Amino acid sequence: MASAAAAARRGRGRCLAAALALAAVWGLLEGSLAFLSAAGGGARPRALGAPVARRPRGASSRPSRTAMGARPDFTLEVGCKVKAMSPDDEQWYPGRVTEDAGAGNWVVQWDDPDGGPETNTLTEEYIKKIIIFKDYQVGDDCRAISPDDERWYPGTVAEALGEDKFRVKWDDPDGGEETSEVHCENMKKVNVKRDYKKGDEVLGRFPEDGMMYPGTVMKQNKDGTFVVKWEDPDGGPEQSDVSPKDMKVPPIPFDSLEVGQEYQGTVRSVRDFGAFVDIGAEGDGLVHISSISRERVDDIYSVLEEDQEVKVWISGLRDDGKFGLTMIEGKTDGAQGRRVQSDVTPFEGVSPDEWFEGEVVGTPSFGAFIVLTAEDGTEAQGLCHVSQIADTFVENINDYVSVGQKVKVRVTSVDMDANKMSLSMKEGGGFGGGGFAPSEPADLSAFESISPDEWLTGTVARCATFGAFVNVKSPDGATADGLVHITQIKDGFVESVEDELEVGQEVQVRVVSVDTGAGKMSLSMKAEGEE
C-alpha cells in the first residue's frame, strides 16, 4: 500500500469524503437542501429533499449471502473465531477457540486480554461462533484491511490464493501497492448493484465534491460506469460518469410503507431482543425476537447474523417514523385498540414522580401505546417502551399488558413539537415494574430470618416468560409474593414456564434472598446446592 505520508493523505481524504457524505445523507433525511463547500468543488447539483420511492417487493437486488433456507454452520471447532462471555465481568469479547476441553467445554484465547487471563475454559452456551465468509470469487466487491496501515479500504477480489487468502485490488491505491494479500477474516463482502437501467432514479456521488445527489441514469458505459444526469446541476455539469459503487437506489419514504408489504432485507445488527434490518427505507426496521419464527427462538444469534439476507414483512408503523418488521407472513405488531385525537399539552411539565391511570390501546413488539385522560377530558397518547414495562427483560409485550387494560404510568418526557410523550410503568428510582398502582415496598421482614433450607408452601399467582410469581406464607402467618426464576423451577432446561406451572398450583419453595428495601424476594423450587 501507500507510504505513511500517502496513507495519511488518503486518511484525510477519506475523512473529508465521509464527512461530506454523512452531511449529505443527513440533509436528505431532514428533507432540506444540503450544500457543503470543498476545495475545488465548484458548482454542484442541488440535493433533493424528497427521496424517490421504489417497488416494495424485490426492493433489494443484492444477492443473498446467507438465505434463511441455508443456515450457516454454528458448530464450534478448534481455530474458529468467536465472541464469548468473560467470567470476570460477564461481558462479550472476541477470541478464538484453541482447544476442545471435552464435555461441551472449549478453551477460548482472547484477542485482547487487557491485563486479564489470556484464555478461559467456557461452556458452549457462553460462546458464539463468528461466521466468516470465505466463498469469494474473482471480481467480487469487498472491503478489506490493508496490511500497511490496518485500515479498511474498498477493493475487488483479483485472485484466490488458497488457505482462505485472497489478492485484493484496491480501488484507490493512492500511490501505494495496487494489490495486497488479505486473509478472509480481514475482508467483508460488499454487494454492489450493477443492473441499473436507463431512466432509473438514483442517488449518485458527484465526482467534484464527493456528495450524494439525485439523478437519472442515461446509459451504461463500456467500462461498467453509468452516465447520470443530475436532477439540479446548479451551474455544474449536467451529467457525470459514476461508478456503480458510488450509486444507490433512493431510500423508500416512510409514507410509502404499508403494513403487510414484503421486502428483501439485510440484517445490519443483532441484539438479544431482536435484529435491525435494512430494507432500503430511510431507517432500519426492528424484527423482534418473537417475530422471527412461529417456533420459540431462545438464541437469536443461532438464527440471524449481520449481513444475512432475509425476507420480511412490514408489521407496524409508528408515528415517529419508525417501523416494525416480521419474518412471519401475516403477523402484525399486536392488537390495536381505539384511535384518539392526541394532545399532550396538558401533560407538559408534570412531575415524573406523578402516576396516572391510562388505557392500553396498542401492543407492538417495541412497547405499549397508552392513552391518558387529563382533568379537562383531553386525551393524550404516549409510548411506554418495552424497556419501561418491567424491571426485568420483557421478551413478549403481551405477557405483561393487553389492549383495553388499565395501567398506572409516569410521564417521563413530553415533546410538544412532535406531540409525543414517553411513559414508564416502572418506579422512578428502582424496582417495582408491572405498571399497576404504585405502592410502598412489600413488608418482607417476616421472611428475612427464614433459613434457605426451609421449605414453605406457596401458590402460583402469575406466570411470565422469565418465571413465576408465588404467594408464600411465612411460619408466623405473614404472606408475600416472591419470584421463582425460570432457572429455579427444576433441574435441567425449562423451555416454557407454562409447561411446568399454572396459576393456582400449590408448590414448595425456599427463600433464596430477601431485599426489604425494594420489597423483592427470590424463591427457588430446587433443593439447596442445586441452584
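Let me start with Glu 163, which sits in the loop between strand E7 (152–162) and strand E8 (165–170). Strands here are DSSP runs of at least two residues, labelled E, and helices are H or I runs of at least four, with numbering from the N terminus. This is a predicted model, in which local features need pLDDT of at least 70 and side-chain atom pairs count only at pLDDT 80 or more, while totals for chains, interfaces and linings use all residues. Residues are numbered from 1 along each chain as its sequence is written, and side-chain values use heavy atoms, with hydrogens and water left out.

Back to the loop. Glu 163 is not a glycine, yet its phi is positive, near 55°. Asp 164 is found in the loop between E7 and E8 as well. Asp 164 is also a non-glycine residue with a positive phi, about 65°.

Asp 164, at 30%, counts as partly exposed. The cut-offs are under 20% relative accessible area for buried, over 50% for exposed, and partly exposed in between, using a 1.4 Å probe and protein chains only.

Now Ile 328. Ile 328 lies in the loop between strand E20 (323–326) and strand E21 (355–362). With 7% relative accessibility, Ile 328 counts as buried.

Which residues does Ile 328 touch? Leaving out residues up to four places away in sequence, the list is Ser 290, Ser 291, Ile 292, Ser 293, Arg 294 and Trp 313. Contact means heavy atoms within 4.5 Å. For Ser 293, which is 35 residues from Ile 328 along the chain, the C-alpha separation is 6.1 Å.
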